[in-house]
Amino acid sequence: GATQGAKRPSSAVGRGYSRHEIRLSTKLHTLTQELCYGGPIVEVNPMEYDLDTGAHSTYSLHYHLVLVVKYRREVFNEELRDFFREVVSGFADNYGVEIKNLEADRDHVHLLFKATPTTDLTKFINVLKGASARRIRNEYGDHIEDKLCGDSFWADSYCLISTGQVS
């Protein structure tokens, strides 16, 4: 493992090597260049990932979720955005999700989050939409009743994009 990593440290990233092994192989590679070639030391910096680990896996799963208010009605203000943030953070941990950023425009929200390989994304998103819609209607019903009719708050569809490590 270490010999292969020393030959090509950039290929070690994301292939089961720990951060420590990658750093060691990079240092070994640099030292080998200096000793064998006698030239200036060339630093090899493989792309650094913020990796998470499980019992048998190493992963980095980042997503961008966009939820749109039904009929694109402009209901979000700063107070409602802060309330939505509280609702989301209240149950995200139960689904193995870490909210990295949340922004709201008047008619939609953007969520950047990290997940685990075992996270059921569809279930998380559906629970997020259902629970937040109920809580928003209970708490801010007077604010949204003239903009939305019926029990729905979110549009049926959503946009989910895997992002790598965007923050």
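This report walks through the fold, the core and the cysteines of a predicted model.

## Ground rules

Residue numbers start from 1 along each chain as its sequence is written, and side-chain values use heavy atoms, with hydrogens and water left out. Because the model is predicted, local features need pLDDT of at least 70 and side-chain atom pairs count only at pLDDT 80 or more, while totals for chains, interfaces and linings use all residues.

## Overall fold

Let's start with the chain as a whole. It has 5 helices and 6 strands, which are DSSP runs numbered from the N terminus (helices: H or I, at least four residues; strands: E, at least two). From that end, the order is α-α-α-β-β-β-α-β-β-α-β.

Of its 167 residues, 38% are buried, meaning under 20% relative accessible area; exposed is over 50% and partly exposed lies in between (1.4 Å probe, protein chains only).

## The nonpolar core

The largest nonpolar core has 31 residues. Such a core is a set of buried Ala, Val, Leu, Ile, Met, Phe, Trp, Tyr and Cys residues joined through side-chain atoms within 4.5 Å. Phe76, Phe84, Leu111, Phe113, Phe153 and Trp154 touch the most other members. Two or more residues come from each of β3 (61-69), α4 (78-92), β5 (108-115) and α5 (121-144), and α5 gives the most, with 9 residues.

Leaving aside residues up to four places away in sequence, Phe76 touches several residues, including Val69, Phe84, Val109, Phe153 and Trp154; a contact means heavy atoms within 4.5 Å.

## The cysteines

The whole structure holds 0 disulfides, a disulfide being a pair of cysteine sulfur atoms within 2.5 Å. Cys149 is exposed, at 56% relative accessible area, whereas Cys159 is partly exposed, at 33%.
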